Amino acid sequence: MIGAAGIDLLSTAAIRDPHTPLRRMREQDEVLWSTRHKCWVLTGHAAVDAAFRDKRLSAARGMAAFRSRLQKRHADLVRNALELLDGWMLFNDPPAHTRLRDPVRRAFSLRVVQALAPRIEQRVGVLLDACDAETDLVSGFAQPLTAGIIGDLLGIDDEARAFVHQWTRDFGQLIYGVSSREDGFATAIARAGDEFRARMAPLIEAQEAAVDGNLIARVKAASQAFDWTPSELLGAVSMLLFAGHDTTSALIASATRVAAGDARVREALRGDEASAASAVEELLRIEGPSKTFVRVAPDAHERGGHHIAAGDTLWLSVLGANRDPNVFAAPDIIDPARDPNPHLGFGGGIHFCLGAALARLEARIALGSLWRRFPDLRIAVADSALRWHPGVVDRSLVALPVQLNRAT
Ligand code: HEM
């Protein structure tokens, strides 16, 4: 058996089950130099939490390096796509990060999110009514739901939003590209950049800034004090559309897979608001959609007894941290009532997820309604036949075929 440092986290086996290799790595050292990936892999809760909060680490540098490589090789092709990144707070460090985050944080308040509950219930109901007895839960429920809700928030109607699924897939080649490559990725990235600009720039331009309007109007109003450029605004909207759609739909599908094998989880999801909310936290912990985040160390420093050299890359393994036995008793066992549950599914520090409240609300309503409506839901294929998207950053199912028998 190869040593933990040589483990390939992109192998077919590790894409299907990342937990076993991550446990092996953590057991060797929670801060481990991966000879396979040529970076530090952090798998302990304390190490990952500290790295999320560490001002010495850069979220911008990893993407900057990938961006400049792409620019050198495909400059004309990918110009529009790379410009969108100007508005992605996630790939910026302070002070640029603060300038990009602040208006979105102000515009995207808890009140705005909570007001969406009836709309989420309505979209869930319509989608579940339309489900066939045999359905792919990803394309038939999770994706249209989350794309619909983020579309509602941004004021993009269903027709104008039809491009979002393919766009998310194409643009994902850029966002997840630091750690995964598919064939023709530059063409897909180019298509995503061009398409987003063509479809969304006129819509954003036509939207008046308003503090009580849709999310685009509110972000426009809040960003006036920060002198955003048009490409920063376009980029920020692309980030909200991408983040608002992709991760939450991945959570709903993964959580359904887990719940199908666990009666206590199903019961909690069907139960009152508090028990369903607690189950969602546990589902985020045990099989959340965020696998890894990348940071770069601009300067040399000590970490976990190791010398981190200037320029080293660090992979912060959220999945690894979320099953650390030093923090979570019986970490591989699902406990829908786990309390406390300090999982790192939404990250930590200055980049803590801005959409956490929306993701929690959507997941709670979607999963609760699903299991109330279809208590006998079955996964239609063997677990080993399920396909996961390859890559280090996200953990998401390509499809989840299910059989639905309506409750009588
Ligand atoms: C289950 C669903 C979701 C999960 C697991 C998730 C997870 C995360 C994580 C781990 C980060 C931190 C990344 C880092 O530190 O590098 C993050 C950042 C972010 N998320 Fe989410 N997210 C989810 C849904 C959403 C939604 C629905 C939205 C918005 C509509 C959203 C918007 C953002 C934004 C804007 C950031 C960047 C924050 C910053 O860089 O300051 N997320 N998310």
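Tutor: Helix H14 (residues 263-270) and helix H17 (residues 356-373) pack at about 110°, their axes 8 Å apart. This is a predicted model, where local features need pLDDT of at least 70, side-chain atom pairs count only at pLDDT 80 or more, and totals for chains, interfaces and linings use all residues. Residues are numbered from 1 along each chain as its sequence is written.

Student: How do you define helices, strands, axes and angles?

Tutor: Helices (H or I, at least four residues) and strands (E, at least two) are DSSP runs, numbered from the N terminus. Axes are lines fitted to C-alpha atoms, for helices over the stretch in contact, and angles run from 0 to 180 degrees between N-to-C directions.

Student: Which residues of H14 and H17 meet?

Tutor: Arg266, Leu269 and Arg270 of H14 meet Leu367, Gly368, Trp371 and Arg372 of H17. Contact means C-beta atoms, placed from the backbone, within 7 Å.

Student: New topic: what's the strand order in the open sheet?

Tutor: E1-E2-E7-E4, four strands with mixed pairing. Strands pair if DSSP finds at least two bridges between them. E1 (31-34) and E4 (292-296) are at the edges with a single partner strand each, so one side of each has no neighbour in the sheet. The twist averages 25° from one strand to the next.

Student: And how many bridges join E1 to E2?

Tutor: Four, and E1 runs antiparallel to E2 (residues 39-42). Trp33 has Trp40 in E2 as its bridge partner.

Student: Which helix packs on the sheet there?

Tutor: H3 (residues 45-52), touching E1, E2, E4 and E7 (313-317). The direction of H3 makes about 120° with that of E7.

Notes
Two residues are in contact if their C-beta atoms, placed from the backbone, lie within 7 Å.
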